[in-house]
Amino acid sequence: MVMDRKDFGCCYSLDFSGGTLLWNSERDDSPPLASDVPWVFDRRVQQWRTDAMYYATLCVAIRSDRRSIGDRVYRWKNVWWHRPQLPAPRKEQQLAVDAWYRAGQRGTIVMPTGTGKTEVALQIMLATKTATLVVVPIRELMHQWHRRIMKSLGIDAGLIGDNLYRLAPICVTTYHSARIHMPSLGNRFGLIVFDECHHLPARHLRDAAVMSAAPLRLGLTATLNDDVDRRMDVEQLIGPVVHESSVQSAKGKTLADYQIVRIPVHFTPQERETYEAFGRIVRRYAAKHSTTSKRFDWKAVCRLSNSDLESRRILQAYHACRDLEHRAVEKLRVLGELFQLHRDEQVIVFVGSNAMAIDVSMRYLVPCLLSHSGKRERRDVLDGFANGTFPALVANRVLDEGIDLPDVKIAVVLGGLASTRQAQQRLGRIVRRSGERRATLYEVVLEDTQDVVRFRRRRRNDAYKKVRRRNL
Amino acid sequence: MLTRRCAVATYDWSTAAVFPDRLTQTRDRKYRHLAELLLQLYRRGRGRTREQLHRRVRQILDHDPGCPPRRAEAFCKLLDDASKFDRIAQQAAPALRRQVFALAARSHPLAGLDDSAAAGLASSVRQSIARKLGFSAWHEMALRMYADVRERHVLKTFRPEYRTADELLSHYNVAQVQAALFDAELVTVLTSDDLKSLIRAVKLAHLMHRIEREASGRYRVDIDGPASILRRTSRYGAALARIIPTLARCRDWQLSARLRIGRRRSTMQLRLSSDDRLGHSLPTHPEYDSKLESQFAEQWRSRDSRYRLLREADVLTRGQSVFIPDYSAVREDGKRVLLEIVGFWTEDYLRSKSVVMQRFREEPIVWIVRRSNRWVVPSDFSWPVIEFERQIPIDQVFDAVEKLVDA
């Protein structure tokens with residue numbers, strides 16, 4: 001029986017304290033309820049303590065316990081949607097929502113980018129009618145969610161992060177801010193939504209889930225972790241995978257048809273000379289050390305660079321190589337030709353460094369989004385891009401995940417990581433289905449450099465297989 | 001505070017000890033000169049960009065071939081923190097860009113620069129945009145377009161709390177200890193003095209403490225956070241680092257911190273004490289909170305020599321609430337009586353004092369209360385309460401102590 005302690009004078013109570021739960025027993029020293037919850041006796045306060053994420057389990061235990069237990073944990077309230085304007089879910093989305101309910105309102109939904117994960121979350125928020133915290137990886141997504149909630153559910157959601165702290169029953173925050181503020185936010189939301197939840201298992205972000213008492217949990221991702229341990233961790237923190245659909249099954253149906261075109265380019269003779277000079281320094285060092293020590297790796301060089309002058313020089317040479325690869329003149333030139341080729345269409349350009357983003361922006365006078373672009377500028381640029389004012393948009397990593405850019409069918413990748421996830425997410429930006437137009441992703445690759453290696457690595461994913469691929 | 005990226009430390013894996021980077025006056029003598037150059041650079045650096053300043057900092061520190069790049073980063077961060085950069089140019093940049101890109105969109109794409117006809121066209125488009133926006137030449141506008149990118153911020157003023165090179169170095173040493181503590185799970189402080197400021201800092205940082213008295217008479221304070229008991233976590237590292245400046249100003253303490261280092265999360269120890277003279281050029285805490293207290297201490301010393309008057313020497317704890325009475329009067333035979341003065345304070349403070357009196361009402365304490373604040377004393381209070389108007393009646397206090405000490 002759940003009763004308010006103040007009214008009924010309960011002898012046992014459950015409190016929320018800095019992202020943890022405290023079990024307080026005034027009558028005896030009996031151990032707390034729910035034996036499967038890992039309680040620890042805290043001598044600092046003479047009470048039993050456990051992580052807030054076990055609150056859902058404890059609620060079940062409280063209901064079946066005969067003692068009168070005061071539950072002073074939850075401080076969230078129900079939410080009433082005044083003017084929700086959410087279109088009816090598509091079949092695939094409805095399946096996902098149903099699966100989440102069947103799993104006891106806890107779990108992860110895996111859907112490819114562009115198939116409407118956000119709508120699924122909004123449908124669930126609409127149905128659960130409880131205070132909700134949405135956790136997203138980057139600030140731009142935070143503002144995007146805010147706009148989506150405003151448009152579909154008619155509520156001005158609170159924002160925590162990006163130098164803002166506006167707490168409201170419906171709130172959006174970033175993983176980093178969630179981790180920092182969860183000790184004070186943990187008991188204010190009944191539902192917690194983790195967007196792009198593959199980020200969650202990172203050691204320094206887990207607290208965003210561990211310190212939250214929200215019993216209802218929803219994870220959304222397009223790319224589940226490859227690592228088994230990390231998958232298990234997501235399962236423990238959010239819930240099992242309740243619905244999964246693959247890119248291949250969605251292609252051409254809910255996603256646009258797409259092709260990937262590889263454009264090989266070369267260094268100018270001058271660039272090649274500098275590149276080789278730096279490259280020789282790195283290779284000589286690597287060759288010397290890998291013969292003397294089997295455990296030689298880049299991490300060792302980075303570690304050593306703090307104390308060892310030679311390692312420092314190697315690292316500088318290595319970074320100089322990377323910089324040359326990212327900012328090659330030929331890449332800039334090819335981009336101009338692609339702009340010409342698609343002069344009537346909008347193009348997104350992905351680059352490998354902020355410096356290159358500014359290079360492209362200054363050369364072709366097109367807007368670029370950097371990680372430190374202000375909130376207003378981001379909105380202006382994205383709105384301007386959406387309404388066709390700007391013909392192209394350049395970004396380093398800001399656009400990698402989750403940002404909606406409707407109707408863009410052409411993307412050019414000038415540089416980036418070897419990560420398959422980044423490649424998949426970047427591809428996701430252009431494959432939202434609109435009409436019958438086919439999407440094209442250009443990969444501009446510098447021949448005879450590490451760029452080729454990175455290109456090959458990121459091809460190793462599902463989305464890149466069985467896809468029309470061409471070399472120019 | 002520094003960021004993790006600027007942290008420099010050496011590790012002794014055989015003893016599992018961490019040594020945060022420390023610039024000493026003897027071994028690192030040359031840094032005094034380098035620090036002076038750094039201060040001059042920033043003092044005269046008005047109008048230079050962050051990138052230029054940082055490049056120069058690195059060049060200056062290159063005079064020491066053993067200077068790790070992170071140390072240079074750390075100095076950049078400390079100097080930047082004391083600087084103000086031109087906000088006006090930064091704020092104007094996004095609007096300027098928006099105008100430029102909107103105007104340029106009409107002639108998109110400005111492509112084919114190797115083709116001379118197209119290049120001429122592109123350059124005339126640029127010039128005309130610049131002129132439309134009120135600039136005489138394109139390159140002038142180009143400089144301002146990305147003035148808000150961090151590296152391109154322009155220095156406006158530099159007002160550090162340190163004035164001399166020594167103080168900057170001392171500031172650096174404290175900052176490196178703080179940065180090392182980002183990985184801390186638990187901090188243990190041994191001290192007999194200044195416990196009050198320490199506990200105050202702990203509370204301000206939203207941390208938790210356990211206080212125990214050791215056989216030596218010193219107090220052992222374990223500091224960590226609420227979730228520390230559930231799992232080993234360094235999430236309170238930054239909060240723990242926040243108590244270091246306070247500690248550095250205190251007298252007679254020893255600190256040991258348990259850190260988790262690296263990918264393998266190996267357990268390491270960081271040890272420090274007041275003998276390390278960390279941050280010795282930082283200002284120290286005033287010894288007394290008020291003139292009233294210092295006057296009382298003087299009067300007491302001139303009145304009697306059988307009792308030694310120790311300031312804030314005893315700690316009373318009830319769970320997480322701590323009460324450190326102002327004085328402990330210790331007689332020659334070691335028997336002691338606690339004294340607390342409630343003087344001129346705000347009403348909120350007095351209310352909290354009243355709560356403290358209730359909570360610690362079992363403890364034998366002589367309360368010395370200003371007459372107008374008499375209401376803070378509970379009506380059925382069993383310990384002596386001495387009232388005063390302007391000056392504390394030292395004889396009355398003394399009698400009360402005499403009675404209580406043998407009771």
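A residue counts as buried when its relative accessible area is under 20%. By that cut-off B:Arg71, at 9% relative accessibility, is buried. The model described here is predicted, and it contains 55 salt bridges over all chains. Chain A and chain B bury about 3800 Å² between them, and 6 salt bridges cross their interface.

**Chain A: composition and domains**

- Chain A contains 17 helices and 21 strands, and 57% of its 472 residues count as buried.
- Among contacts in chain A between residues at least 6 apart in sequence, 73% join residues at least 24 apart.
- The domain assignment divides chain A into domain 1 (2-72), domain 2 (91-245), domain 3 (258-267 + 328-471) and domain 4 (269-326).
- Domain 3 of chain A contributes 16 residues to its contact with domain 4 of chain A, which contributes 8 residues.
- About 1100 Å² is buried between domain 3 and domain 4 of chain A, with carbon and sulfur atoms giving 47% of that area.
- The interface of domain 3 and domain 4 of chain A is crossed by 1 salt bridge.
- A:Glu325 and A:Arg454 form a salt bridge in which the closest N and O atoms are 2.7 Å apart.

**A buried loop residue in chain A**

- A:Thr130 is located in the loop between helix 4 (117-128) and strand 8 (132-136) of chain A.
- With a relative accessible area of 6%, A:Thr130 is buried.
- Leaving aside residues up to four places away in sequence, A:Thr130 touches A:Trp76, A:Lys77, A:Asn78, A:Val79, A:Ile170, A:Gly190, A:Leu191 and A:Leu216.

**The sheet of chain B**

- Chain B has an open sheet of 7 strands in the order 1-2-9-8-5-7-6, with mixed pairing.
- Strand 1 (9-12) and strand 6 (208-213) of chain B each have a single partner strand, so one side of each of these edge strands is left without a neighbour in the sheet.
- On average, and with direction ignored, neighbouring strands of this sheet are turned by 25° against each other.
- Strand 5 (residues 184-191) and strand 7 (residues 219-224) of chain B run antiparallel and are joined by 5 bridges; B:Leu190 has B:Arg220 in strand 7 of chain B as its bridge partner.
- Helix 7 (residues 165-180) of chain B lies across strand 2 (17-20), strand 8 (253-261) and strand 9 (266-273) of chain B, and runs at about 145° to strand 2 of chain B.

**Salt bridges within the chains**

- B:Asp21 forms a salt bridge with B:Arg71, the closest N and O atoms lying 2.7 Å apart.
- This pair links distant parts of the chain, 50 residues apart: B:Asp21 is in the loop between strand 2 and helix 1 (30-43) of chain B, and B:Arg71 is in helix 3 (residues 69-81) of chain B.
- B:Asp21 also counts as buried, at 10% relative accessibility.
- B:Lys30 forms a salt bridge with B:Asp64, with 3.6 Å between the closest N and O atoms.
- B:Lys30 lies in helix 1 of chain B and B:Asp64 in the loop between helix 2 (50-61) and helix 3 of chain B, so the pair ties together parts 34 residues apart in sequence.
- B:Lys30 is partly exposed at 44% relative accessibility, whereas B:Asp64 is buried at 11%.
- A:Arg49 and A:Asp42 meet in a salt bridge (2.7 Å, N to O), and both residues are buried.

**Between chain A and chain B**

- The contact takes 46 residues from chain B and 46 residues from chain A, and 59% of the buried area is on carbon and sulfur atoms.
- B:Phe101, B:His108 and B:Arg235 supply 19% of the area that chain B buries against chain A, more than any other three residues.
- B:Arg98 forms a salt bridge with A:Asp380, the closest N and O atoms being 2.8 Å apart.
- A network of salt bridges links A:Asp42, A:Arg44, A:Arg49, B:Arg210 and B:Asp224.

Terms used. Residues are numbered from 1 along each chain as its sequence is written. Chains are lettered from A and ligands numbered from 1 in the order in which they are written. This is a predicted model: local features need pLDDT of at least 70, side-chain atom pairs count only at pLDDT 80 or more; totals for chains, interfaces and linings use all residues. Side-chain values use heavy atoms; hydrogens and water are left out. Two strands pair if DSSP finds at least two bridges between them. Helices (H or I, at least four residues) and strands (E, at least two) are DSSP runs, numbered from the N terminus. Axes are lines fitted to C-alpha atoms, for helices over the stretch in contact, and angles run from 0 to 180 degrees between N-to-C directions. Contact means heavy atoms within 4.5 Å. Buried means under 20% relative accessible area, exposed over 50%, partly exposed in between (1.4 Å probe, protein chains only). Domain bounds come from an automatic or database domain assignment. Buried area is the accessible area (1.4 Å probe) that two parts lose on being put together, summed over both. A salt bridge is a side-chain nitrogen of Lys or Arg within 4 Å of a carboxyl oxygen of Asp or Glu.
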